[in-house]
Amino acid sequence: MRHPRAKLDDVIHAPVRFSIVAALAAADQADFKFVRDTVEVSDSALSKQVSTLESAGYVKVRKTFVGRRPRTYLALTPEGRSAFDRHVQALRDIAAGVQEPLNTTD
Amino acid sequence: MQREEALEALVAAQDVNSRVRRHGRWYAGYAAVYGVLTFVFTLGVGLFPTPITVGVVTPLWVVAVCGLSVYAYRQPVSPLRFGRLHLAMIGCWSVLYTGTVVVGAAFFPGEAWWWGTGAALCAIPPFIAAAYAHAIAAEPQA
């Protein structure tokens with residue numbers, strides 16, 4: 001039997017990144033400062049984690065202006081959304097104590 | 001990872017998810033106000049089709065739409081499926097509004113039954129969008 005932890009996503013698994021992705025999964029896009037305040041991290045910590053998620057292809061960053069003020073918007077890519085859904089399903093399986101049978105090809 | 005850790009992670013995700021969804025509720029208010037404004041302005045122009053009414057109502061409508069657009073642009077969160085929802089709402093509204101105004105101006109100027117029905121029809125897409133936005137803001141996920 002294979003433990004569902006094998007299906008956890010290594011990029012999303014880190015607590016701060018998991019919170020960032022969970023926040024973005026609930027919206028089409030969100031302002032950088034809003035995500036920072038929601039996840040309760042510093043600007044630099046959020047930037048670092050967003051870079052990691054962006055490198056993995058899970059998050060896209062869009063910079064724009066509202067009036068004269070620069071604004072940065074974060075959004076999940078379709079890959080990021082799928083990865084989050086799979087990760088949450090793996091967490092649910094772990095919480096439910098589900099074990100998967102090993103494939104013969106494993 | 002143990003069962004308790006997985007449960008804690010799911011609860012944390014649910015908490016963050018709910019907070020973000022609540023901030024996406026603004027679109028329900030935006031769409032509801034759009035619905036009320038479109039009803040009032042369509043009725044105003046249709047029932048009193050004088051140059052003065054049109055001259056007053058049209059700039060007021062433009063100012064109101066600009067105000068709503070600025071309000072929308074300043075929001076920190078775009079709710080889930082916002083792009084498709086807004087496009088669908090504006091698309092349906094445009095068809096109904098154009099039909100009501102073009103046909104009404106040509107064949108039913110000042111006729112209460114036409115403009116009352118038309119104004120109510122024009123308000124339906126924004127009100128449906130408002131109800132949908134309100135529902136997805138409350139929809140549980142993780």
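User: Why is A:Lys7 called partly exposed?

Analyst: In this predicted model, A:Lys7 has a relative accessible area of 32%. Buried means under 20% and exposed over 50% (1.4 Å probe, protein chains only), so A:Lys7 falls in the partly exposed class in between. By contrast, A:Asp93 has a relative accessible area of 11% and is therefore buried. As to conventions, local features need pLDDT of at least 70 and side-chain atom pairs pLDDT 80 or more, while totals for chains, interfaces and linings use all residues. Residues are numbered from 1 along each chain, chains are lettered from A, and side-chain values use heavy atoms, without hydrogens and water.

User: What makes A:Lys7 and A:Asp93 a salt bridge?

Analyst: The closest N and O atoms of A:Lys7 and A:Asp93 are 3.3 Å apart. The rule asks for a side-chain nitrogen of Lys or Arg within 4 Å of a carboxyl oxygen of Asp or Glu, so the pair qualifies. A:Lys7 lies in the segment before α1 (10-13) of chain A and A:Asp93 in helix α5 (residues 78-96), so their pairing ties together parts 86 residues apart in sequence. Helices (H or I, at least four residues) and strands (E, at least two) are DSSP runs.

User: How do you know that A:Arg71 and A:Asp31 form a salt bridge?

Analyst: Their closest N and O atoms are also found 3.3 Å apart. A:Arg71 belongs to strand β3 (residues 69-76) of chain A and A:Asp31 to strand β1 (residues 27-31), so this pair links parts 40 residues apart in sequence. Both A:Arg71 and A:Asp31 are buried.

User: Which residues join A:Arg36 in one network of salt bridges?

Analyst: A:Arg36 meets A:Asp37 in a salt bridge with an N to O distance of 3.0 Å. Through shared partners, A:Arg36, A:Asp37 and A:Asp43 form one network. Over all chains, the count is 5 salt bridges.

**The interface**

User: How many residues does each chain bring to the contact?

Analyst: Chain A brings 29 residues and chain B 27, contact being defined by heavy atoms within 4.5 Å. The count of salt bridges between chain A and chain B is 0. On the side of chain A that touches chain B, the elements giving two or more residues are α2 (15-25), β1, α3 (32-39), β2 (59-66), β3 and α5 of chain A.

User: Which element gives the most to that side of chain A?

Analyst: It is α5(A), with 6 residues on the side of chain A that touches chain B.
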